[in-house]
Each structure stands twice: as structure tokens, then as C-alpha cells.
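The following exercises ask you to read contacts and accessibility from a model, and each is followed by a solution that goes step by step. Please look at the sequence and the structure before working through them.

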Amino acid sequence: MGTQKQNDDRNLYREIVNNSLEGTMVISKNGKITMLNPAAERMLGLTQEDIGSLYVSIFLTREGTDAFNEVILDTIYEKGKVSNMPVDYTLEGKTINLSLTTSYIHSEGEKSVVVVMEDVTELNELRDAQKALDKIKKLNHEYEIAKNEAIRANEAKSLFLSNMSHEIRTPINAVLGMNEMILRECTDEQLLSYAANIQSSGKTLLFLINDILDMSKIESGKMEIVEVEYSLANLMMDLWNVIFLRAQEKGLTLKFSLDETTPQTLYGDDVRIKQIVTNLLTNAVKYTPQGGMEMCVAYEKTGEEQLNLIISVKDTGMGIKEEDMGKLFENFQRLDEEKNRNIEGTGLGMNITMSLLKLMDGDMKVESEYQKGSVFTVTIPQKIISQEPAGSFEEIRSSREQGHKKKQQGFEAPDARVLVVDDNDMNRIVFQSLLKRTKMNIVAADSGKRCLELVKEEHFHIIFMDHMMPEMDGIETFHEMQKLPDSKNADTPVIVLTANALSGAREAYLQEGFVDFLTKPIDGDLLEQTIAKYLPADLIQQKGDATPEAGSDALWPEGEELLTYGISIENGISNAKGDREMYLELIGMFIRERDKQKTMQQFLSAQNMKDYAIWVHGLKGNARTLGADRLADVAYEHEMQSKADNISYVHEHWEELLTVWNKTLDGFEMVYGRYGEEKDKYEAVSGNEMLHLSPDDLEQAAALLDDFDTENAIAMLKNWIQHPLEEKMHERIKNTLIALEDEFDEDKAIALLRE
């Protein structure tokens, strides 16, 4: 019975071992394999029939079994047992990952080694795959975070560039507008030459600003190509004006040539073409230390109404190494860095150029020899509008150089009424000043809402509408005008004003219903031409040359004294276009705003940096316009710090701002006290006749306040005060506005109106 049971137990153990998924191998002390279960056979590549003649040495002859052999031999020689030890085993060229556990058994007085093997290859692969998957998930997560951060950064950059565009264009508009007045009114040939250079440089500055903005548009896929009719002669002269001074300053020769048979009027995006060629020309100047450059314009017909415009720029400059050609169109790349380290620029120009050419289905070819020069040739498809030949460039230049002479308007229209709608004070002043000599009645509105009030009250012959305005923009205002019942201006031509010279939205504006559009900075000649085009002929009176007003640009004797107050009266008078009366009126307005100090201090006490920044921004602009440069500089720093929510800085430097502000006011009060009683001190910028207000008019404003309609009451008062008024009436309206806007005392305002 005992023997039978032992046999049964052995058979049971053998059955269990044979059906186990783990490989089991038994090795005697002399190294002979005495038992191998089926799982071990599969793992080791052996068969049960081979066991009788196999010794452990069979594994020593196989490649890729070093780790396996070491574990087996160490166990046989009793150097140590292992448990779940990972080893690699090569079978038919494939590596199998095994987990080995060894132990000893005694059978019939003999000691043997038992090796239990588990194939963990798939498990390891799954673990590796899981690790890889986890890593991929982590990388994807990191990528999403980085992508979102990049998107936010790009949006912030776009917002910054958009704001920068507006902030920079506004002063450029003023500079070019004031310079336009010099060109129109000055008789000194030398000054006219300086003014022409200012105009050219100002336009160059606009090109540089546009380059920065365009890089952002290209990156975001928002770059637009807008095709319009344009004059090839105008395009070439603009390019000449941009580059000739820079070439002259470096002592370089400059030559422009034009195939005389080239059609003079084409259809395409002339702004982008100028941008492309300007980049090529400025690069030629920068990288040409001596010699000169030449621009040639030619064409090849591709159809009855199509051509390829071919523009090449050749220079005798540094040239490009063959190995650097591939870097030419990469962002922020400067070739031959050691030699060109002093060359200005960020390296964006050529990348923008290639992007623009691609958008216009054009291309560019570059030929260059190092140290001898380069030739850049662009080919751009264009449509032909007029087959009339443009003529030679020398003929074009000769006729255009007459434009350096004093500009004169060719008509007066004293019976014409023009409305200009713009939220920017400086833009309205420049607009009115450019048309001052035409003697037209210019009415100004600072918002779309005010425009709607005016067009309900009176008829205008032309309306100029700014596009970008807060609350209600120009397009919205125009559509609201069209909805007015029994409108007095249903047939009045409305012309849109836009600061975005590169938007190219002419067709879009025309589709909205505008008859035309003008871009800012406003060109005086184009403004007059536009008015002459749309003004009824019977209102226009042709006139000869105008003579500048005597003494309008004379300096006041207090100029040097005012410098001690931080005031440059020369700058202030210049910003007022040399008009003493206008400057005095602006000074008076600034003095009357002294109570704004209280309001700003309230914002500061409440830590309301948002409104503080808005008010100090206005203070900065007004001070700069009047020539109070010291105050403008201090206010600018407060504006930057308050926008950054740096409350501690604003608190610490508030007294400094207040001190400079009060000293500036002292200087202005000195000037206003001496000259404020001049005959025409209340003459409005627009040149309107004296406005006479009746008690009924004042009662109408008071009634609005009774009905708690303060906003419309203020708008009515502001409209009155921008006209010439009798002195006492002017003072009453001014004090009423102070009561409403600075003191928030409506009862006092009503009492003043009904006094």
C-alpha cells in the first residue's frame, strides 16, 4: 500500500509539473539533465526524447545564453540559489526573457538541482509598451500645455502689436499732418526741402511699423492681398523717396530705370509691392559699403490684359557666399555675421518678402558673387488697366520734383458745411487745419452718438466718418444714420476714414454704402481733391495762390522763461500749426482741467489703477501737445506703472507728478494771463461764426438734467463750447461742464444754466 501511494503521488506530481505553464528542469550533480517538462522544452528548444543524452554543457555551446549558464552553473556548484532572477536566453535568433528560480532536492539519496523558468517576454513587452504609452501621454500633456502657452503668447503678441500700431500711428498722423501744413504754407525753399524729407522719412517709419505687424499676420495666416488700381509712376516715386536719402548719406550712386512702354496703370496690391521692393532696396544700401545700386522695372506680356511686372535691384555690395544662400530666407538670420555685425535690422525682411510673393503668385531669383555684389529679381503677375505707356523714370521724376514747392489749395467754399466724426482730438484738429484756408464750415463730432444728434439737426454737404471708434464705430454709425426717418442727410456722401493704410478694405467699405475712403495719416492734397469731387459745384470758388498769415509762426518772448517750467513753447506752437489763438485756447482748456487732480487722487486712494491709467494717459497726451514735455514724461511713467498695477510706485511718485503738474500749470497761467485777452481768444479751430445761445437753449440743457439725461446734456454743452461764444456765455458753459464732469454736482449745473 505504501509503495502504491508513493507511486500515485509521483504520478500526480509528474502530471502537475507536465501541465504547468512554468518550465521545470531537473539537473543531477554531474550536470546531466534528468527531467524537462513540456513548458521547458518550448522555452529551451529541447525535446523529451533528447533528455537521456543531454548534459548541461549543451547550453554552454549556444550563443546568447551567458546569463542563463551562469545561474545554472552557480547553483550546481552550490555557489548560491536565485529567486525570480531575470535572464536572457537566445532561441533561434530570438531573445527570450526568462525569470529563473533554483532550488535543491534529494531523491534516492542523490542531490539534484531544480530550475523553474517563467517566460516573461510578453510581460516585459507589455511593461515596455505601457512605459512608452505613459511617456507618450506625458509628452502629449506637456505638448498641450506648451501649445496652449504658445497660443496665449501669440495672442498676447498680436494684441500688443495691434495696440502698438494704434499708439504709433496716432502721433505719426499728427506729425505728418503738421508737416503737411508746412508744405502748404511755408515759402522758404530750404524749409520746404526739410519738410519734404520729413514727409519721406515719416512714410518710411510707417513701412517699418507695417513690417513688424505683417510678420504677425503672416504667422497667424491673416495676411491679405488687396488689389486696387494704381499708378506705376506713383509707385516708383514712392520707392525713390524712401531710398534716395539713405543712399545719399552713404555716398552711394542711385539709378532708377523704367521700360518706357510699360503700361502706366495696373491692378494689384501696390502697397505689398512697395513693401517687397523697399526691403530689397534697403538691404542693398545696408550691405553696400561703396559703389552704388540700380533698380530696373520692365515687364513681359502674358495676355491681352495681363503682364508680369519684373523689378530687379542690383548692387555692388558684399554679395552672398554660396553656402549662405539657404539661410537667406530664414527668420532672424544675418549672413556673414562677423563682417555684418554692425548692420541694422532683425532679419525678418526677406522672410516677409518671400511670403508676400507667394501670396501674389510671384517669385524671386537671386544672383550673387561674394565681395562683388548681388542682383535680386522679383516677378509679380499684374492686370493691365491702361495700356498708355508710363514713360521714362527721368521724365516722371522731373515732373514730380515740382511738388517740393509750396502746396496751395485751389478753391474756397465758405458756404459748404462738412462734418468730421473722429474720437481723437488731434485727428480732428489736423483735419480742420488742413482745410482752414478753404473757409469751409467744419463741424466736429467726437463719437458716433454725437454724429447722429448732429445729422438730425442740420444738413451737411459731406460727412467724413472715422471707422474705429469706441462704443459705436463708424460703420455702425453710418447704418444708424441710414435708418433715421426724414433724414436731412439721406443723400449726403459719407467718406470713411481709416488708420489702417494696409487693410485694403476699399471694396468692403463701398459695399457698406460709403462713397469713398481716405487713409490716415491724411494727405492734404488728396483730402482737397476728394472734397472737390463730392462737393456741389456751385459751392466751389476757384482761387489763386494763398499767402501765409503774417506772424503766425512768430515765437513768444517767454520761450526761454517757460523752459524753467518744463514747457517748450516752440513745440506747443508747432503742434498748434503756428496758430497763436488756437494755442491759447488749448492752454485755457488745460488750465480749466486742474480739478482732474482730485479725481485722480480719488482713483489712487481707491487703488483703482484701471481708471487712473486712463486719466493719466490723457494727461500725458495733452501735456505733450502743449509742449509740456517734462510733465508728459512723468505722466508716461505713471501710465506704464499703473497699467502694470504697480500701486506702490504710483503712491510713492504721486507727489512728484503733482509737483510737476502744478509747476506746468503755473507756467501756462502766466502765458494765459498775459495774452488770454487778445481779440480773438475764443475763436474756434473750425473757423465757425459766433454762436449766440438764447435762454431757451440753456433751458433745454437744464431740462435734460431734470430728466436725469446727463450724458446728452454734457454732449450738448460740449458742442456749444467748441464754437466761438460771447465771453460770459463761454464762462458759464465752462463752469457748468466743470460742475457736471469734475464735481458731479447736477444741482449746481442746473442753477448755472438757469441763472
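Arg-450 and Glu-453 are both buried, where buried means under 20% relative accessible area, exposed over 50%, and partly exposed in between (1.4 Å probe, protein chains only). The model is predicted, so local features need pLDDT of at least 70 and side-chain atom pairs count only at pLDDT 80 or more, while totals for chains, interfaces and linings use all residues. Residues are numbered from 1 along each chain as its sequence is written, and side-chain values use heavy atoms, with hydrogens and water left out.

**Exercise 1.** Determine how the side chains of Arg-450 and Glu-453 meet, and in which helix the two residues lie.

Solution. Begin with the side chains, which meet in a salt bridge at 2.6 Å, N to O; the term requires a side-chain nitrogen of Lys or Arg within 4 Å of a carboxyl oxygen of Asp or Glu.

**Exercise 2.** Find which parts of the chain are tied together by the salt bridge of Glu-78 with Lys-29.

Solution. The closest N and O atoms of Glu-78 and Lys-29 are 3.2 Å apart. Glu-78 belongs to the loop between α4 (66-76) and β3 (85-91), and Lys-29 to the loop between β1 (23-28) and β2 (33-36), so the pair ties together parts that are 49 residues apart in sequence. Turning to accessibility, Glu-78 is partly exposed at 44%, and Lys-29 is likewise partly exposed, at 34%. A search of the whole structure finds 13 salt bridges, among them the one between Lys-372 and Glu-369 (3.4 Å, N to O), in which Lys-372 is exposed with a relative accessible area of 56%, whereas Glu-369 counts as partly exposed at 44%.

**Exercise 3.** Decide whether Gln-382 is buried or exposed, and identify the side chain with which its own side chain makes a polar contact.

Solution. First locate Gln-382 in strand β12 (residues 373-389). Its relative accessible area is 4%, so Gln-382 is buried. The side chain of Gln-382 makes a polar contact with that of Tyr-230 at 2.7 Å; such a contact is a pair of N or O atoms within 3.5 Å, where within protein one must be able to donate a hydrogen and the other to accept it, and residues adjacent in sequence count only if both atoms are side-chain atoms.

Technical notes. Helix = DSSP H or I, 4+ residues; strand = E, 2+ residues; numbered from the N terminus.
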